[in-house]
Amino acid sequence: MIIAPSILNANNLQLGNDIKKASEAGITRFHIDIMDGHFVPNLSYGPQLVKDFKREFPMTDAEIHLMSDNPKDLIPAFVQAGADLLEFHYEAMDEGQVSYWLDYLASNGVRPGLVLNPDTPVSVLDKFAPKLKQVLLMTVYPGFGGQKFIEASIDRIKEARKIIDQTGSRITLEVDGGINADTIKLAKDAGANVFVVGSYLFKDGDVAGKVNKLNEILA
Ligand SMILES: O=C(CO)[C@@H](O)[C@H](O)COP(=O)(O)O
Ligand SMILES: [Co+2]
């Protein structure tokens with residue numbers, strides 16, 4: 001079970017401190033949301049943030065959640081910046097491009113992941129599972145932190161878990177959006193094993209306390 005803090009709703013002027021506190025509490029991976037103001041109506045970070053992150057925290061994984069329909073320019077830039085895992089949206093490109101960019105990531109030593117929005121059929125995973133190291137099911141509509149977990153996600157997690165288990169490979173199943181002390185348990189019981197947590201972790205300053213609490217729930 002992995003908790004991957006999303007830094008989107010952290011205080012960006014305190015980011016280094018917050019990452020340090022979470023790492024001291026046992027976090028080994030951070031989830032970095034990249035928003036292009038076009039695929040989603042919000043803007044966030046660029047490759048420089050990832051470069052800085054890997055320079056300061058070389059032993060910690062940078063997981064890139066790319067919310068953009070411009071893979072051509074952005075994917076190579078984030079690979080160059082030091083991404084350890086990069087996941088992009090199925091909805092952002094045609095299926096030929098999805099295959100191409102999953103192969104591109106693998107051949108550049110970056111773990112490939114595919115993200116599905118809440119309305120995208122989980123069955124599209126059948127086609128791409130052999131190329132994946134991780135599936136990310138959005139449990140909110142992407143674009144902003146602090147939204148409410150969509151309850152209908154539970155059945156989608158179960159369906160994705162079934163597809164992954166049928167492949168016999170160790171693809172991780174991640175959920176993202178509205179994860180807190182209540183919803184993490186629902187998602188885990190449905191079959192998720194990586195949990196993106198944003199506002200719940202960062203909203204009141206006690207990052208380590210929240211990580212410990214979630215770990216107890218997952219144990
Ligand atoms: O990708 C996204 C939003 O588009 C997420 O990673 C959120 O940033 C998670 O934040 P919370 O829902 O946990 O506040
Ligand atoms: Co995200």
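Is Aspartate 33 buried or exposed? Aspartate 33 is buried, with 24 other C-beta atoms within 10 Å; a residue counts as buried if 20 or more other C-beta atoms, placed from the backbone, lie within 10 Å of its own, as exposed if 12 or fewer do, and as partly exposed in between.

This is a predicted model, in which local features need pLDDT of at least 70 and side-chain atom pairs count only at pLDDT 80 or more, while totals for chains, interfaces and linings use all residues. Residues are numbered from 1 along each chain as its sequence is written, and chains are lettered from A and ligands numbered from 1 in the order in which they are written.

UniProt, in an unreviewed entry, places the feature "active site" at Asp33 and Asp176; such annotations may be inferred rather than shown by experiment. These residues span 144 residues in sequence, yet no two of their C-alpha atoms are more than 10.6 Å apart, so they gather at one spot. The table sets out both; strands (E, at least two residues) are DSSP runs, numbered from the N terminus.

| Residue | Strand | Other C-beta atoms within 10 Å |
|---|---|---|
| Aspartate 33 | β2 | 24 atoms |
| Aspartate 176 | β7 (residues 172-176) | 27 atoms |

Not counting residues up to four places away in sequence, Aspartate 33 touches Ser6, Leu8, Ser44, His65 and Met67, and Aspartate 176 touches His65, Leu136, Met138, Thr139 and Val196. Contact here requires C-beta atoms, placed from the backbone, within 7 Å.

Definitions and conventions
Helix = DSSP H or I, 4+ residues; strand = E, 2+ residues; numbered from the N terminus. Contact = placed C-beta atoms within 7 Å.
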